[in-house]
Every structure is written in structure tokens, then in C-alpha cells.
Amino acid sequence: MAEAEVKTESVGTVVVAGAANLAIAIAKLVAGLLSGSAAMLSEAAHSVADTTTELLLYLALRRGARPADPRHPFGYGKESYVWAFLAALFTFVAGAGFAITHGVTTILVHEHTGSYLVAYVVLAISFAIESVSLARAVRQVRGESRRWRTTPRRYLRLTADTTVKAVFLEDSAALIGLLIAAAGLTLSHLTGDELYDGVASILIGVLLLVVAAVLARSNISLLVGRAVSERTHRQIEQELAQLPTVDRVDTLMTMFLGPEDILVAAKVDFRDDATGAEIEAASDEAERRLTGRFPEIAYVFLDPTRSRGTGRRARTTQDEPGRSVDQGA
């Protein structure tokens with residue numbers, strides 16, 4: 001799948017999710033005001049937060065896709081993580097904050113006015129719409145996982161495309177939140193005690209906190225400069241080591257410059273009898289091999305270096321003790 005196609009699919013996923021969340025937010029707000037349900041109003045805040053998040057993610061995709069220029073020679077890919085991080089913060093502050101605060105207030109006040117019927121209807125419709133949005137996100141996750149030759153679960157955990165990850169997690173959380181709201185609403189309806197409605201609202205807030213924390217952590221890691229996974233790292237190292245004029249790969253470093261851009265830099269020990277022309281040819285062949293196997297690799301920099309002793313294992317920043325080996329898709 002070409003890079004442009006991947007970005008177009010990501011934009012489509014975000015747009016579908018944003019439109020669905022906007023429609024659901026309005027319906028939930030009306031239902032919450034008519035039914036007086038704290039959980040329903042928390043779900044409205046949840047959908048408002050998700051809608052704003054989708055707008056920020058759309059901005060992240062557009063801003064991050066701008067081409068490189070003299071002031072930004074590696075492009076603007078990392079800017080997408082800035083906007084995605086702001087989206088996670090908004091979910092944390094607006095969605096979770098409102099849900100927890102409103103839930104506590106409901107438990108303390110114990111008041112309810114309005115009809116439950118409209119809330120039940122909106123919950124059912126919202127669940128159906130959110131399911132459609134999640135189905136699109138799942139379809140893209142499966143397609144991307146096949147492209148990376150990995151499982152959907154591993155892809156979600158390690159992907160550098162945080163927009164797809166955000167939509168998947170938010171839609172999944174939305175469905176869980178709807179079930180929690182329905183349970184709280186039903187128990188309050190049956191018992192006449194607003195405690196259950198308030199607890200449901202708080203649980204929805206906690207759910208949003210978890211999603212926001214996961215997305216914020218992922219974006220911070222990518223902003224700092226995350227490497228590819230250990231498996232991809234080994235594959236890149238093997239491709240370089242198999243070049244006929246290479247004795248050993250001494251140091252290999254990688255970094256995500258954006259959702260679809262990877263930088264590769266390596267110190268390579270070429271054979272002592274290799275000529276300058278052979279080293280140049282090997283460098284060109286290395287770039288052809290790597291970009292052919294991994295189309296996401298945008299830059300390859302090789303630094304010829306002297307041997308530091310036979311049998312010495314290649315040094316890599318991902319081999320340091322205490323560091324996670326799974327750092328990229």
C-alpha cells in the first residue's frame with residue numbers, strides 16, 4: 001500500500017469517526033437533558049471530547065503530511081504527534097473531568113427528573129453508529145497489520161500512526177461507555193436510586209482517563225524519537241550485513257520521523273580491501289534493499305567505520321539493559 005493511500009485511508013477513518021461522534025453528541029445531550037441522567041450527560045461529554053479529538057487528529061494528518069523544506073529537511077511528520085497529544089489532553093481534561101465531577105454531584109444530590117425512554121432510545125442508536133465507526137477502524141487496523149506482517153494487537157501497540165490508534169481506542173471506549181451508561185441508567189430506573197447513575201458516570205470518566213493516558217504516552221514516546229521494533233531492527237541489520245563488501249554493522253539507529261517516515265543511520269565496517277567505488281555501490285544497494293523491503297524508510301545514512309575487533313557483537317541503542325525491545329511497528 002502506497003504512503004498516499006495509507007494517509008487517505010487514515011483521513012477517511014478520522015472523518016467517519018468525527019461525523020459519527022458529532023451526531024451522537026447532539027443526541028446524547030438532548031437525551032441527557034430530557035432524562036436528567038448523569039451517565040447520559042457524561043456520555044454526551046464523552047462524544048463532544050471525541051468529536052474535538054477527531055478534529056485535532058484531522059489537523060494532525062494534514063499538518064504532518066506537509067513536504068520537507070529548507071528549515072525542516074526531514075518534513076513535518078512529528079508535528080502530527082503534537083496535535084495528537086493535544087487531542088489526548090483534551091479527552092483527559094474535558095471528557096473525563098466532566099464525567100467524574102458530574103457523577104460525584106449526582107451521587108451527593110440524588111435527584112432525577114425526566115423520562116428514561118428517550119435515553120434508552122439514544123443509547124441504542126448511538127451504539128449502532130459507534131459500531132459502524134469502529135468497524136471501519138478495525139478494517140484499517142487489520143489491513144495495516146497485514147502490511148507490516150504482524151498481528152492487529154501488536155500493530156496497535158507499536159504503530160507510529162497514532163491517529164488510527166486513537167480512533168480505534170476511542171470508538172472501543174465509546175461502546176464500553178454506552179454499556180456502562182445503560183447499566184447505570186437501568187439500575188437507577190429499577191431501584192429509583194440515582195447512586196447507580198452517578199457511579200456509571202464516574203466509571204465513564206475513569207475509562208476516558210485510561211484512554212487519554214495511553215494515547216498521551218504513545219505520542220510523547222514518538223515525539224522524543226522512538227525507534228522501530230526490535231524485530232524490524234534486526235531485519236534492517238541483516239539486510240546491511242548481507243551486503244558483499246560489509247564485514248559488520250557496528251552501530252544501527254532508527255527513528256520514526258512521522259507515521260510513514262523512518263530514518264536509518266548506521267556505522268558500517270566495510271572490508272579492508274573495498275574501494276571507494278565499491279563502498280558507494282554498496283551504499284546505493286543498501287538503500288535500494290531497505291526501501292524495497294520497508295517502503296516507510298525515507299532516509300538511509302551509512303557511515304564507514306574501522307573494525308573494532310573481530311567477533312564483537314554489533315552495538316545498537318536498542319540492546320541497552322532496561323530498554324523495551326518493542327518500540328515500533
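**Group meeting: a walk through the predicted model**

The chain has nine helices and four strands. Helices here are DSSP runs of H or I with at least four residues, strands are E runs of at least two, and both are numbered from the N terminus. This is a predicted model, so local features need pLDDT of at least 70, side-chain atom pairs count only at pLDDT 80 or more, and totals for chains, interfaces and linings use all residues. Residues are numbered from 1 along each chain as its sequence is written, and side-chain values use heavy atoms, with hydrogens and water left out.

Now the order of elements. Along the sequence, the pattern reads α-α-α-α-α-α-α-α-β-β-α-β-β. The chain has 329 residues, and 48% of them count as buried. Buried means under 20% relative accessible area, exposed means over 50%, and partly exposed is in between, using a 1.4 Å probe and protein chains only. Next, contacts, meaning heavy atoms within 4.5 Å. Take those in the chain with a separation of 6 or more: 78% join residues 24 or more positions apart.

On to a helix pair. Two packed helices are described by the angle between their axes and the distance between the axes. Helix α6, residues 162-191, packs on helix α7, residues 195-224, at about 170°, with the axes 7 Å apart. That makes α6 roughly antiparallel to α7. The cut-offs: under 35 degrees is roughly parallel, over 145 roughly antiparallel, 65 to 115 roughly perpendicular, and the rest oblique. Axes are lines fitted to C-alpha atoms, for helices over the stretch in contact, and angles run from 0 to 180 degrees between N-to-C directions. What lines this contact? Its residues divide into 17 nonpolar, seven polar and three charged. Nonpolar covers Ala, Val, Leu, Ile, Met, Phe, Trp, Tyr, Cys and Pro; charged covers Asp, Glu, Lys and Arg; the others, Gly among them, are polar.

Next, the core. The largest nonpolar core has 61 residues, and Ile236, Leu240 and Ile297 have the most contacts inside it. Helix α6 gives the most to this core, with 10 residues. Such a core is a set of buried Ala, Val, Leu, Ile, Met, Phe, Trp, Tyr and Cys residues joined through side-chain atoms within 4.5 Å. Not counting residues up to four places away in sequence, Ile297 touches Ile236, Ile262, Val264, Leu290 and Thr291.

Ala88 lies in helix α3, residues 79-109. Ala88 is buried, at 2% relative accessible area. Beyond four places in sequence, Ala88 contacts Ala212, Leu215 and Ala216.

Asp161 sits in the loop between α5 (152-158) and α6. Asp161 is buried too, at 4% relative accessibility. Asp161 and Pro259 are 98 residues apart along the chain, yet their C-alpha atoms are separated by 4.6 Å. Leaving aside neighbours within four places, Asp161 is in contact with Ser10, Gln140, Tyr155 and Pro259.

Last, Arg147, in helix α4, residues 117-147. Arg147 counts as partly exposed, because its relative accessibility is 22%. Its side chain makes a polar contact with the side chain of Glu296, at 2.2 Å. A polar contact is a pair of N or O atoms within 3.5 Å; within protein, one must be able to donate a hydrogen and the other to accept it, and residues adjacent in sequence count only if both atoms are side-chain atoms.
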